[in-house]
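Here is a short briefing on one protein model. Look at the sequence and the 3D view, then work through the points below.

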Amino acid sequence: MDDWLPDADAQPDPVHYRQYLLHCDPHERFSVVSFVWGPGQRTPIHDHTVWGLVGVLRGAEHSQRYELRGGPPVPTATDHLPVGSVEAVSPRIGDLHAISNALSDRPSISVHVYGGNIGAIRRSVFDPLTGVRKPFISGYANNALPNRPLRKPHYRSCPKTWCS
């Protein structure tokens, strides 16, 4: 049963996927986040710089893994992730991927656990044609947890042509 996720942390945006902070360790050693994907929404090719586990709660996702070899990112594996699937990422086992909602008619939701406050970690997106790296900090769609404001990232940047 997946009814434990509050409705406020399961709302899609009509244009972009959303990332909601569910919990962050007070020392920012780990965070738990819900990602909500509307139909057709996807991430750019990106890294994480920390370990992470992704579990699909509702719907389904496609995960396209990549490697950098001195030019454009090279696709290496594609996974279809139905409800209950878990995918791991980390700099040691493979940290570069793009995720998309596998469903064309409804949202999909996944729950992520990261080895840090993922919304405040400086990471990178990669141009799919050139491999050019651009730094970004993702932030969160929600502004606060109960009794605790969220630390705001000092910048956010994702070229519109790289993500939707």
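**A histidine and its partner**

The side chain of histidine 46 makes a polar contact with the side chain of threonine 43, at 3.4 Å. A polar contact is a pair of N or O atoms within 3.5 Å; within protein, one must be able to donate a hydrogen and the other to accept it, and residues adjacent in sequence count only if both atoms are side-chain atoms. This is a predicted model: local features need pLDDT of at least 70, side-chain atom pairs count only at pLDDT 80 or more, and totals for chains, interfaces and linings use all residues. Residues are numbered from 1 along each chain as its sequence is written, and side-chain values use heavy atoms, with hydrogens and water left out.

**The annotated histidines**

- UniProt, in an unreviewed entry, places the feature "binding site" at His46, His48 and His97; such annotations may be inferred rather than shown by experiment.
- These residues span 52 residues in sequence, yet no two of their C-alpha atoms are more than 9.2 Å apart, so they gather at one spot.
- Histidine 46 lies in strand β3, residues 45–46. Strands (E, at least two residues) are DSSP runs, numbered from the N terminus.
- Histidine 46 is buried, with a relative accessible area of 8%. Buried means under 20% relative accessible area (1.4 Å probe, protein chains only).
- Not counting residues up to four places away in sequence, histidine 46 touches residues including Asp95, His97, Arg123 and Phe136. Contact means heavy atoms within 4.5 Å.
- Histidine 48 sits in the loop between β3 and β4 (52–58).
- Histidine 48 is buried too, with a relative accessible area of 1%.
- Leaving aside neighbours within four places in sequence, histidine 48 is in contact with Val89, Asp95, His97, Tyr114, Ile118, Ile121 and Arg123.

**The sheet**

- An open sheet of 5 strands runs in the order β1-β2-β9-β4-β7, with antiparallel pairing. Two strands pair if DSSP finds at least two bridges between them.
- β1 (18–24) and β7 (86–89) stand at the edges, each with a single partner strand, so one side of each has no neighbour in the sheet.
- Strands of a sheet pair through backbone hydrogen bonds.

- β1 pairs with β2 (residues 31–37) in the antiparallel sense, over 6 bridges.
- Cysteine 24 stands opposite serine 31 in β2.
- Leucine 21 has valine 33 in β2 as its bridge partner.
- The hairpin has 6 residues between β1 and β2. In the turn, glutamate 28 has a positive phi of about 60°.

Key. Helices (H or I, at least four residues) and strands (E, at least two) are DSSP runs, numbered from the N terminus. Buried means under 20% relative accessible area, exposed over 50%, partly exposed in between (1.4 Å probe, protein chains only).
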